[in-house]
Amino acid sequence: MEMVVTLPSTKPVVGCDMIPYVRFTPPLPRPLYKLSYTWDRKIKKFCSVHPSELATVECNVCAKLGQSYNCCSVKCYKEAWPTHKHSHPNPSTSPESDYRDSVLEYDDSRQWEWVGSSEFYKPSEKDVNCILRVTCVAQDPAEGTPLAPVYIKETDPVIPFPPLCGRCMIESGSYQKSHLNFETQSSDGFTFSVLSYNILADFYARLGKHNYCPDWACTWEYRKKNLLREIINYSADIICLQEVQSDHFDIFLESELKKEGYSARYKKKKSELYTSNGSVSEGCAIFYRCELFKEITKYELEFDQIENEEKVLENLEPEERPIRLKRLQKDNVALIVILGAIKPGSTGDGFHDPHMLLLKGRITHIPAEKENPVGIWACLKLEHSLDLVSAYASFFKLDGIEEKHLKRMNRQNHEPLFTNYTEEFRGTLDYILHTADSLKVEGLLELVDSGSVASGEGGYLPSPKWSSDHIALMAKFRVKPPSPSELALSLPQKI
Ligand SMILES: [Zn+2]
Ligand SMILES: [Zn+2]
């Protein structure tokens with residue numbers, strides 16, 4: 001039987017688990033074998049004479065004395081001998097030829113030190129620049145006899161985790177002086193931020209479309225840490241993520257963001273793929289700060305169900321139906337969470353009216369359309385009666401935006417030049433939309449410069465720096481005071 005051990009990448013990164021994947025030929029189901037691992041780190045010693053050179057020999061006499069003296073070569077040791085021998089006992093009687101008995105070449109067994117025996121290894125700062133080695137033994141669980149030859153794999157030198165790449169907020173203060181009287185108009189000056197980010201599901205990242213990205217930066221073990229650090233750093237009040245793999249939501253994102261004070265909601269697509277974590281899917285996740293918001297209700301949409309239930313295609317011209325149907329059947333889903341803002345200082349139910357945040361405005365005028373309250377799928381072009389505008393476009397239309405930000409914008413429509421940047425496609429697929437009559441954009445997360453993506457490692461997204469093929473968008477909103485008619489809002493039972 002043959003056993004092959006694959007590591008997520010050959011280049012380990014500090015803090016990212018190295019989880020070996022073991023495969024047998026012919027295949028062997030899990031209960032029929034027991035695996036044990038040994039993780040070793042290659043000791044790095046440098047020449048005592050030439051400190052920048054790696055040592056290949058050491059002084060045997062010094063080692064016995066508990067000291068360390070290493071040289072880059074036998075020649076180096078020989079040249080140093082006339083001086084070095086004086087650090088040995090009885091140097092005066094030691095003939096010049098004695099160097100041969102004292103020098104010892106590093107053999108393989110003495111170059112490695114044990115660092116772990118579990119089924120994965122998380123490299124630490126101590127491992128930086130060192131080569132790691134995993135030894136994997138497969139045994140019969142009952143007999144303890146070996147099932148396959150021992151598998152030994154060495155890695156490239158461990159690299160440090162790259163530093164965080166920050167993106168600044170473009171604040172509106174300097175651009176919108178004429179509108180600054182908002183503060184006084186607004187009942188409480190309530191502001192909140194919304195982040196939207198397609199984080200590239202791991203099973204799409206494995207399809208081989210992103211080969212320009214170095215292996216180690218394409219692994220989920222690296223991407224999840226880099227993405228989480230980036231998301232937490234933005235400190236948004238509401239986080240909307242797309243392409244969230246169901247197992248990664250369950251075992252990583254929900255718990256990690258809970259630690260940061262967020263509650264979570266998730267809606268996955270129906271189509272599943274088989275992975276090492278079983279059958280998984282991907283979908284949308286919404287996280288909101290529990291100290292700021294309370295969930296009032298949520299709606300889930302499965303677009304491929306809409307045709308079955310609503311017969312929306314009947315409203316269309318016959319020639320339009322096939323293409324619309326195709327779009328509907330793509331297994332797209334939507335997750336809508338209605339949040340109420342908790343008034344500062346209140347204990348629990350002291351909400352702002354829910355309409356202060358979302359779906360405010362036109363929705364209040366169509367209470368009769370209960371089954372389709374926002375008209376969201378009225379004719380499959382996602383037409384609706386909300387007066388939505390794009391946060392980026394409306395902000396970029398303002399005067400006085402710095403040239404460096406304008407250069408990252410499409411001058412025709414004022415949207416970002418790109419939110420998706422791969423070898424195959426470069427363009428804008430992501431938007432943050434809001435009702436302009438109830439919310440005002442006060443700030444935006446600056447866009448990523450295409451030049452910095454192109455000149456970075458790989459030249460496209462994802463890259464070591466940015467761990468998705470999309471970039472994150474974020475807008476900071478201020479709530480405008482409601483008009484009296486809007487106070488009579490009732491939320492639909494079903495969407
Ligand atoms: Zn010595
Ligand atoms: Zn040397």
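This report walks through the fold of the predicted model above, from overall confidence down to single residues.

## Ground rules and confidence

Residues are numbered from 1 along each chain as its sequence is written, while chains are lettered from A and ligands numbered from 1 in the order in which they are written. Because this is a predicted model, local features need pLDDT of at least 70 and side-chain atom pairs count only at pLDDT 80 or more, whereas totals for chains, interfaces and linings use all residues.

The chain averages a pLDDT of 84, with 83% of the residues scoring at least 70 (pLDDT is the predictor's confidence in each residue, from 0 to 100). Residues 175–187 fall below 50, and this stretch has 14 contacts in the model beyond near neighbours in sequence; two residues are in contact if their C-beta atoms, placed from the backbone, lie within 7 Å. Residues 348–383 are also below 50, with 80 contacts beyond near neighbours in sequence.

## The overall picture

You'll find 13 helices and 24 strands in the chain. Helices (H or I, at least four residues) and strands (E, at least two) are DSSP runs, numbered from the N terminus. Buried residues make up 31% of the 495 residues. A residue is buried if 20 or more other C-beta atoms lie within 10 Å of its own, exposed if 12 or fewer, and partly exposed in between, with C-beta atoms placed from the backbone. Among contacts between residues at least 6 apart in sequence, 71% join residues at least 24 apart.

Seven strands make an open sheet with mixed pairing, in the order 10-23-24-11-12-16-13. Its edge strands are strand 10 (169–171) and strand 13 (262–268), each pairing on one side only. Neighbouring strands here are turned by 25° against each other on average, direction ignored. (Two strands pair if DSSP finds at least two bridges between them; axes are lines fitted to C-alpha atoms, for helices over the stretch in contact, and angles run from 0 to 180 degrees between N-to-C directions.)

Ile 238 is bridged to Tyr 288 of strand 16. With 8 of its 8 residues buried, strand 16 is largely enclosed by the rest of the structure.

The other open sheet described here has 3 strands in the order 5-4-6, with antiparallel pairing. Strand 5 (70–71) and strand 6 (103–105) are its edges, each pairing on one side only. Strand 4 (residues 57–59) pairs with strand 5 over 2 bridges, and Val 57 has Cys 71 as its bridge partner.

## Helices on the sheet

Helix 7 (residues 220–234) has 15 residues and reaches 21 Å from first C-alpha to last, close to the 21 Å expected at 1.5 Å a residue (that span is 1.5 Å times one less than the number of residues). It lies across strands 11, 12, 23 (439–445) and 24 (473–479), at about 160° to strand 11. Its buried residues include Trp 220, Tyr 222, Leu 227 and Ile 231. These buried residues pack against several elements, among them strand 11 (191–198), helix 6 (215–218) and helix 8 (246–259).

Helix 8 lies across strands 12, 13 and 16, running at about 155° to strand 12.

## Nonpolar cores

The largest nonpolar core has 61 residues, of which Val 194, Leu 195, Ile 239 and Met 474 touch the most other members. (A nonpolar core is a set of buried Ala, Val, Leu, Ile, Met, Phe, Trp, Tyr and Cys residues joined through C-beta atoms within 7 Å.) Leaving aside neighbours within four places in sequence, contacts of Met 474 include Val 194, Leu 195, Tyr 234 and Leu 444. A second, separate core of 13 residues includes Ala 55, Val 61, Tyr 69 and Trp 81.

Ser 235, in the loop between helix 7 and strand 12, has a positive phi of about 55° although it is not a glycine. It has 12 C-beta neighbours inside 10 Å, so it counts as exposed. Leu 200 also has a positive phi, near 60°, but with 26 C-beta neighbours inside 10 Å it counts as buried.

Cis peptide bonds join Thr 25 to Pro 26, with omega about -10°, and Leu 461 to Pro 462, with omega about 0°.
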